[in-house]
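Visitor: I would like to learn how to read a structure like this one. Please take the features in turn, with the general idea before the case.

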Amino acid sequence: MYQQIVIAGGGQAAVQAVDTLRRKGYTGGVTLVGEEPWLPYQRPPLSKKYLAGALERERLTIRPEKFFTEHNVQTHLGRRVTGIERREHRVQLDDGRALPYDALLLATGSHPRRLTAPGADLGGVYYLRGIADADRIRAECAAGGRLVVIGGGYIGLEVAATARELGMEVTVLEMADRVMNRVVCAELSAFYEAEHARHGVRVLSNARVRALAGDAGNGRVRAVLTEDGAEHAADVVIIAVGVAATDELAAAAGLECGNGIRVDEHCRSSDPDIYAAGDCANHPSPRYGRRLRLESVDNAFEQGSSAALNLMGTPTVHDKLPWFWSDQYDLKLIIVGISTGYDAVIVRGAPAARAFSVCYLRDGELIAIDSVNAPRDQMAARKLIAARGRPNLDKLADPGIALKDTL
Ligand SMILES: Cc1cc2nc3c(=O)[nH]c(=O)nc-3n(C[C@H](O)[C@H](O)[C@H](O)COP(=O)(O)OP(=O)(O)OC[C@H]3O[C@@H](n4cnc5c(N)ncnc54)[C@H](O)[C@@H]3O)c2cc1C
């Protein structure tokens, strides 16, 4: 068994790995290195309640400081792992220190993709990933201010909803023909576009950003220019065009990478003593018969836990049914499963009632569900999808019949 485990990265996956290691009785040394100065924290509120000013920073913390001391975990916060010396089995930190390891867990997460358009580095232009970003954005969210969000994915739309509720004039520019196009079907995109419009947010699809124009006087952004020649006035711009795995450290150390750190079903990288979990890991899914890199709290939690069990010598295949949520206004969207490759969609309930589910099927099998304010459907769907259930389509379309009774 490994005597000394070092974890690079201090987010959801890292904390869950620590928790599992200690809960399952691992008595060896555990060291966590996180480049952010804070104890590991939850990111989802950063685009929701925290950005709205409705949640204190302390409430974001996943585990209090005493959790780490009581569980004998050495933490190096505000410290970055800058290199992995695989042969020597040690990592280098940005303060010049080296930490030896028997096993290393990479839980380095992901980071926002940068927009390459001219002017993307002007003042007043932000990306949202961490507390520091959210604090800077919040300081700019004044009622009446004009916010342009570039990217109509779930983070962009959550920020748009929050800013609108703070009284800002909000425009969302999405380059595809509909919002959230990567994850949900056209019906659900249309529902969300209508909800944002109802709240006074301008959502423009097929809007490709050409450049950001600045004010020569103060170096701040004043407008976003799109390829159709339109100019969208802005006091603040948030770029939310997706994230990329933080795998540079792994790649520099010669580990196999490609859309994240490539691991096997036991979370083990191409180096047998190095594991990866969370947003940074690209794993083979027996369930889906292909590789996945998921960006969700659930995946970070489950994979962090699976990695820990494998590190302790308990072989554990990571192949959980994925799920994800997004809160916009009073709408709670919960996505269970992955809908890619569906050949039929059935809507349960009326979107106008603002409580409904979209069921995705392939060859008659329920493969995923997006539920909006429909927690019962979502709970039942987990079991049905996991069991590869083939529901009766008429029953499925009838919201009066419980989802569990549709087989
Ligand atoms: C604004 C926002 C809203 C979100 N909302 C939702 C939601 O509603 N539902 C949902 O399921 N998911 C949501 N997510 C996604 C979710 O937060 C992530 O999937 C999750 O945090 C991934 O956890 P992780 O531990 O893999 O990585 P992270 O949480 O990114 O943690 C990785 C940590 O490692 C640190 N690190 C990186 N490199 C190094 C290094 N070399 N040395 C030391 N430390 C390093 C990073 O700075 C970071 O602190 C949201 C994300 C954001 C940004």
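Guide: Start with strands: two strands pair if DSSP finds at least two bridges between them. Helices (H or I, at least four residues) and strands (E, at least two) are DSSP runs, numbered from the N terminus. This is a predicted model, where local features need pLDDT of at least 70, side-chain atom pairs count only at pLDDT 80 or more, and totals for chains, interfaces and linings use all residues. Residues are numbered from 1 along each chain as its sequence is written, and side-chain values use heavy atoms, with hydrogens and water left out.

Visitor: Which residue takes a positive phi in the hairpin of S13 and S14?

Guide: Gly 219 does, near 70 degrees, in a hairpin with 4 residues between the strands. Strands S13 (residues 209-215) and S14 (residues 220-226) run antiparallel and are joined by 6 bridges. Asp 215 is placed opposite Arg 220 of S14.

Visitor: How many bridges pair strand S4 with strand S5?

Guide: There are 4, in the antiparallel sense, between S4 (residues 81-85) and S5 (residues 90-93). Opposite Gly 83 stands Gln 92 in S5. The hairpin of S4 and S5 has 4 residues between the strands, and His 89 takes a positive phi near 55 degrees.

Visitor: What does the domain assignment give?

Guide: Domain bounds come from an automatic or database domain assignment. Here it gives domain 1 (4-111 + 243-311), domain 2 (125-239) and domain 3 (330-405). The centres of domains 1 and 2, taken over C-alpha atoms, are 30 Å apart. Contact means heavy atoms within 4.5 Å; by that criterion 18 residues of domain 1 touch 15 residues of domain 2.

Visitor: Why does the ligand lie between domain 1 and domain 2?

Guide: Both domains give residues to the shell around the ligand, so the ligand lies between them. A residue belongs to the surroundings if one of its heavy atoms lies within 4 Å. The count is 33 residues, with Glu 36, Arg 43, Lys 48, Arg 129 and Asp 279 the closest. The shell divides into 12 nonpolar, 12 polar and 9 charged residues, where Ala, Val, Leu, Ile, Met, Phe, Trp, Tyr, Cys and Pro count as nonpolar, Asp, Glu, Lys and Arg as charged, and the others, Gly among them, as polar.

Visitor: Which polar side-chain atom lies 2.7 Å from an oxygen atom of the ligand?

Guide: One that belongs to Arg 129. From the backbone, an N or O atom of Ala 13 lies 2.8 Å from a ligand oxygen.

Technical notes
A polar contact is a pair of N or O atoms within 3.5 Å; within protein, one must be able to donate a hydrogen and the other to accept it, and residues adjacent in sequence count only if both atoms are side-chain atoms.
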